[in-house]
Amino acid sequence: LLSPHAAAAAAASRPCLSRGEISAEPRRNLGCISQVDDSAVVASDSLSAVLHLCLNRAGIIGVAVTAVMSGTGAVSAPAAALSRKLRPVGEAELRATERALLAALHTLLQGNRHLAVMRSRHEARLAAA
């Protein structure tokens, strides 16, 4: 990292595009944006200028870290999902899963029976009234 004075000198030595111009080189466009902002801020040696530069750097680092983490998650999530689906399944695990499925179906059927009984009782009360 350059000191604030060295950064201001480097920014002043490089020609920058005028407002509204876009270079064919993307790095030159980004450099000009930071040169204009940083050189104006570094020119005044106040505490607020230093804080402004630090916040700018922290924002850039934060965005970069977020992008790296997002890219890592986008790559690792499908790999983890596929590895779970492609692994061999043992006989014991298959039986345990079948038992859990049968238990869930049994609970569902009991609920349906209870609901049918409650409906018939309700209809009987309505018919009696």
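The model is predicted, so local features are taken only at pLDDT of at least 70 and side-chain atom pairs only at pLDDT 80 or more, while totals for chains, interfaces and linings use all residues. Numbering runs from 1 along each chain as its sequence is written, and side-chain values rest on heavy atoms, with hydrogens and water left out.

The chain has 4 helices and 0 strands (DSSP runs numbered from the N terminus: H or I of at least four residues for helices, E of at least two for strands). In sequence order that reads α-α-α-α. Mean pLDDT (the predictor's confidence in each residue, from 0 to 100) is 77, with 65% of residues at 70 or more. Helix α4 (residues 91–128) has the highest confidence, a mean of 96, and helix α2 (residues 26–43) the lowest, at 48. Over residues 27–36 pLDDT stays under 50, and the model has 15 contacts beyond four places in sequence for them (contact means heavy atoms within 4.5 Å). Where pLDDT is low, predicted coordinates should not be read in detail.

Accessible surface totals about 10,700 Å², 67% of it from carbon and sulfur atoms (Shrake-Rupley method, 1.4 Å probe; for residues, only the protein chains shown count as cover).

The whole structure holds 1 salt bridge (a side-chain nitrogen of Lys or Arg within 4 Å of a carboxyl oxygen of Asp or Glu). Arg87 and Glu93 form a salt bridge at 3.0 Å, N to O. Arg87 is partly exposed at 40% relative accessibility, as is Glu93 at 35%.

Key:
Buried < 20%, exposed > 50% of the residue type's maximum accessible area, 1.4 Å probe, protein only.
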